[in-house]
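The exercises below ask the reader to work through one protein model step by step.

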Amino acid sequence: MQLGFVGLGRMGLNMVTRLLNSGDHELVVYNRDTSAIDEAVKLGATGSESITDLVSKLKGPKAVWLMIPAGAPVDESIEELIPILSKGDIIIDGGNSNYKETVARSKALKEHGIDYLDVGTSGGIWGLANGYCMMVGGERGAFDTLSPVLKTLAPVNGYSYMGASGAGHYVKMVHNGIEYGMLQAYAEGFALMEASEYGLDLKNIATLWNQGSVVRSWLLELTEEMLSKNPKLDGIKDFVADSGEGRWTILDSMDKDIPCPVITLSLLQRFESRLDSSFAAKLIAGLRDEFGGHEVKK
């Protein structure tokens, strides 16, 4: 299949690499940083100077995959694509867009006869070697058209049609919310063992738990690997960012009156990690002294 690909960040370039390595697809690529285009060209892609130039090098019906940051960059790219694409062409958003924005974009593009697929993509930097798990929403016909690309990018049984527009990004949003909770549970458990009186070998425990334990997982395998290289996690600041999906998951749970306390608390713990000094903690400590005469650490 011929595919236009916009966005050659670490994940995007890896996806292009996987597609080119298969020998089954023709890629026309564009990225603001031209050095990434040069890398893709060395692998066999056709470079382009702009999105307009990229589209001009595609044969109809045309498919353009966006692997760019959510929000304004996606809207700007779509606005640029609308006048240069034709009825029956496809735009694919493989990033972590808010599913509500995806639905709105799909409706707007439908007025121009352009199909819009939302592909929730999981796999991170390991996707190049292991394949990407992909959750796809949008028109079923557009999904079928794109299936050769999805089949190459994914491991066996690693992609599936989720439903109408927004479904792919919605399922990926919930996926990431679950990830927040899993990461927090592992973090708390290992922190507890690290503080124990037994001098436990945390890397050895991670290795052990990966051998048939109920809590074995790929995340635990990565924990094992990380601890084998850096047992004390030296040089890693205790600051945890979030990219939005956890927040959206919690807001969706509130809209639907579905309690998600683990995911919610895991996000709040990330917020706490970013505080150099907690005014709230100071207030609690001060009040404990006021009502009970409890010691206040200076």
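The model is predicted, so local features need pLDDT of at least 70 and side-chain atom pairs count only at pLDDT 80 or more, while totals for chains, interfaces and linings use all residues. Residues are numbered from 1 along each chain as its sequence is written, and side-chain values use heavy atoms, with hydrogens and water left out.

**Exercise 1. Strands β4, β5 and β6**

Describe how β5 is joined to β4 and to β6, and state the handedness of each crossover.

Solution. Step 1. Four bridges connect strand β4 (residues 63-66) with β5 in the parallel sense.

Step 1. From β4 the chain passes through helix α4 (residues 72-81) to β5, in a right-handed β-α-β crossover. A crossover is right-handed if, with the strands pointing away from the viewer, the path from the first strand over the helix to the second runs clockwise.

Step 2. β5 and strand β6 (residues 115-122) run parallel and are joined by four bridges; Asp93 stands opposite Asp118 in β6. Helix α5 (residues 99-110) carries the chain from β5 to β6, and this β-α-β crossover is right-handed.

Step 3. For the faces, recall a general point: in a regular strand the side chains alternate between the two faces of the sheet. Buried means under 20% relative accessible area, exposed over 50%, and partly exposed in between (1.4 Å probe, protein chains only). Both faces of strand β5 (residues 90-93) are covered, as Ile90 and Ile92 on one side and Ile91 and Asp93 on the other are all buried. Both faces of β4 are covered too, with Ala63 and Trp65 buried on one side and Val64 and Leu66 on the other.

**Exercise 2. The nonpolar cores**

Find the residues with the most contacts inside the largest nonpolar core.

Solution. Step 1. A nonpolar core is a set of buried Ala, Val, Leu, Ile, Met, Phe, Trp, Tyr and Cys residues joined through side-chain atoms within 4.5 Å.

Step 1. The largest core has 50 residues, and Leu3, Phe5 and Trp65 have the most contacts inside it. Six of its residues come from α7, the largest share.

Step 2. Contact means heavy atoms within 4.5 Å. Leaving aside neighbours within four places in sequence, the contacts of Leu3 include Leu19, Val28, Trp65, Ile92 and Leu146.

Step 3. Another core, of eight residues, lies apart from it; Met193, Leu202, Ile205 and Ala206 are among them.

**Exercise 3. Leu202**

Is Leu202 buried or exposed?

Solution. Step 1. Leu202 belongs to helix α9.

Step 1. Its relative accessible area is 11%, so Leu202 is buried.

Step 2. Beyond neighbours within four places in sequence, Leu202 is in contact with Phe190, Met193, Glu194 and Leu227.

**Exercise 4. An aromatic pair**

Classify the pair formed by Phe190 and Trp209.

Solution. Step 1. Rings of Phe, Tyr and Trp (its six-membered ring) pair if their centres lie within 6.5 Å; planes under 30 degrees apart count as stacked, over 60 as edge-to-face and the rest as tilted.

Step 1. With 5.7 Å centre to centre and 70° between the planes, Phe190 and Trp209 are edge-to-face.

Step 2. Phe190 is in helix α8 (residues 167-194) and Trp209 in helix α9 (residues 202-209), so the pair ties together parts that are 19 residues apart in sequence.

Step 3. Phe190 is buried at 9% relative accessible area, whereas Trp209 is partly exposed at 28%.

How values were computed. Helix = DSSP H or I, 4+ residues; strand = E, 2+ residues; numbered from the N terminus. Pairing = 2+ DSSP bridges.
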